[in-house]
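Thanks for asking me to look this one over. Here are my notes, arranged as numbered points so that you can follow along in your viewer.

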Amino acid sequence: MKAIVKENPGKGACLKEYPMPVLGEGDVLIKIKAAAICGTDLHIYDWNNWAQNAGIKLPTVLGHECSGEVVEVGAAVKTLKAGDYVACETHIPCGKCYQCRNGLQHICANLVIYGVHTDGCFAEYSKIPEECAVRIPESINPNVAAVLEPLGTAVRACIEIQASGKNVAVIGCGPIGLMAVNAAKALGAANIIAVDVNSLRLNIAEGLGATHIINSAEVDSAGRILEVTNGVGVDAFIDASGNTGAILNGFKSLRKGGRVALIGLPSKPLEIDLGPYVVFKEASIVGIHGRRMYETWTAMSNILDKGLLNIDPIITHVIKLEEYEKGFEILEKGYGGKVILVP
Ligand code: ZN
């Protein structure tokens with residue numbers, strides 16, 4: 001089969017013939033309909049410091065966000081059959097550790113990440129354990145289905161901050177931030193304040209439901225958020241930027257008793273004065289490491305099936321698998337939203 005393979009340390013990857021996956025008894029074989037490039041793929045493609053220390057064995061097939069059709073199942077698979085339409089959950093849990101036995105499979109102690117620690121989906125076919133192939137409604141088109149993994153992260157953040165009826169700020173309007181803006185709207189947030197330094201992304205955010213947009217390169221975002229909320233501050237904020245300065249501004253603009261969901265990964269430690277910004281504010285902070293298995297998938301599938309989300313504007317490029325170099329360049333230079341590769 002054709003696959004985008006990371007063969008050697010150093011920048012880049014190559015399109016080549018790669019052996020078909022060999023199914024274990026608990027695996028399913030998926031014919032990939034669409035796959036999306038994520039920041040994590042770019043880290044591995046570039047072979048940066050993070051990738052060098054992420055326990056990745058080469059050669060490996062890149063990619064972890066995808067949709068497809070089950071074409072074969074292992075002998076022990078009970079819940080899926082050939083012909084099923086699925087999207088992939090990338091957190092592969094062990095099923096035996098403390099977290100797995102207490103409903104927290106998504107943060108399993110022995111977590112294996114599909115497409116990072118296993119061969120991924122930038123290929124014609126891919127295998128994944130049965131529990132990570134999630135059946136989805138036929139009403140969701142394959143390109144949108146390919147981004148359910150990051151969308152689930154955004155939907156979960158909105159559920160965790162209890163967005164309904166609230167004034168919410170979304171900091172960072174890359175693909176996941178944009179998805180969070182749209183999910184906050186779907187879940188019934190009142191005001192949705194999108195913050196970014198890129199006016200193009202802010203315009204997309206406005207189209208997806210942001211009631212206010214703030215270019216933090218031009219104005220003091222915390223001050224502006226206080227103005228918008230009559231001096232009270234937002235009920236909640238979601239950080240999808242991973243920028244330490246932006247996160248601090250988020251805490252400054254949070255009202256007392258507010259909620260915080262952190263998705264972005266800062267590249268350096270964040271220094272924060274816990275007294276005024278967390279303790280006296282009684283801020284509730286939750287880290288978001290992907291989707292809860294499977295509550296988030298169920299909620300996301302329900303709201304998508306009812307047409308409450310509009311993901312199309314976030315998907316800016318749909319290209320052939322063979323054009324992967326162009327796709328990585330689009331992501332690297334930041335002039336697109338989600339890039340879809342079609343095998
Ligand atoms: Zn586990």
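**Notes on the predicted model**

1. Let me start with a cysteine: Cys-158 counts as buried, at 1% relative accessibility. Please keep in mind throughout that this is a predicted model. How many disulfides does the count come to? The count comes to zero. Cys-158 is in no disulfide, and the nearest cysteine sulfur, that of Cys-173, is 12 Å away. Seen from the other end, the sulfur of Cys-173 has its closest cysteine sulfur in Cys-158, and 12 Å is too far for a bond; the cut-off for a disulfide is a pair of sulfur atoms within 2.5 Å. Cys-173 is also buried, with a relative accessible area of 1%.

2. Next, have a look at strand S11, residues 167-171. Is S11 largely enclosed or open? Five of its five residues are buried, so S11 is largely enclosed by the rest of the structure. In a regular strand the side chains alternate between the two faces of the sheet. Here both faces of S11 are covered: Asn-167, Ala-169 and Ile-171 are buried on one side, and Val-168 and Val-170 are buried on the other.

3. Which strands pair with S11? One is strand S12 (residues 191-196), which pairs with S11 in the parallel sense over five bridges. Within that pairing, Val-170 has Ala-194 of S12 as its bridge partner. To get from S11 to S12, the chain passes through helix H5 (residues 175-186), and this β-α-β crossover is right-handed. Strand S14 (residues 234-239) also runs parallel to S11, joined to it by four bridges. In S14, Phe-237 stands opposite Ala-169.

4. For contrast in strand direction, turn to the open sheet of three strands in the order S2-S1-S4, where the pairing is antiparallel. Its edge strands are S2 (14-17) and S4 (60-61), each of which pairs on one side only. Strand S1 (residues 2-6) is joined to S4 by two bridges, and Lys-6 stands opposite Thr-60 in S4.

5. Now the charged pairs. A search of the whole structure finds 16 salt bridges. One of interest joins the side chains of Glu-322 and Lys-2, at 2.6 Å from N to O. This pair links distant parts of the chain, 320 residues apart: Glu-322 is in the loop between strand S17 (315-320) and helix H11 (324-333), while Lys-2 is in strand S1. Glu-322 counts as partly exposed at 35% relative accessibility, and Lys-2 counts as partly exposed at 24%.

6. Glu-332 is in helix H11 and Lys-11 is in the loop between S1 and S2, 321 residues apart. Are these two residues exposed or partly exposed? Glu-332 counts as partly exposed at 39% relative accessibility, whereas Lys-11 counts as exposed at 58%.

7. The side chains of Glu-227 and Arg-224 meet in a salt bridge, 3.0 Å from N to O. Being three residues apart in helix H7 (residues 221-228), Glu-227 and Arg-224 are separated by about one helical turn. Glu-227 is exposed, with a relative accessible area of 57%, and Arg-224 counts as partly exposed at 32%. Returning to Lys-11, salt bridges that share partners join Lys-11, Asp-46 and Glu-332 into one network.

8. On the surface, Leu-274, Val-279 and Phe-280 form a nonpolar patch, with about 340 Å² of accessible area together. Val-279 lies in helix H9 (residues 274-279). Val-279 is exposed, with a relative accessible area of 52%.

9. Where is its place? Leu-208 is in the loop between helix H6 (199-207) and strand S13 (212-215). Although it is in a loop, Leu-208 is buried, with a relative accessible area of 1%. Its C-alpha atom is separated by 11 Å from that of Leu-308, a residue 100 positions away along the chain.

Technical notes:
Residues numbered from 1 in each chain as written. Predicted model: local features only at pLDDT ≥ 70, side-chain atom pairs only at ≥ 80, totals over all residues. Heavy atoms only, no water. Buried < 20%, exposed > 50% of the residue type's maximum accessible area, 1.4 Å probe, protein only. Pairing = 2+ DSSP bridges. Right-handed = clockwise from strand over helix to strand, strands pointing away. Patch = residues over 30% accessible without salt bridge, like charges linked within 9 Å, V, L, I, M, F, W, Y side chains within 5 Å. Areas by Shrake-Rupley, 256 points an atom, 1.4 Å probe, with all protein chains shown as cover. Salt bridge = Lys/Arg side-chain N within 4 Å of Asp/Glu carboxyl O.
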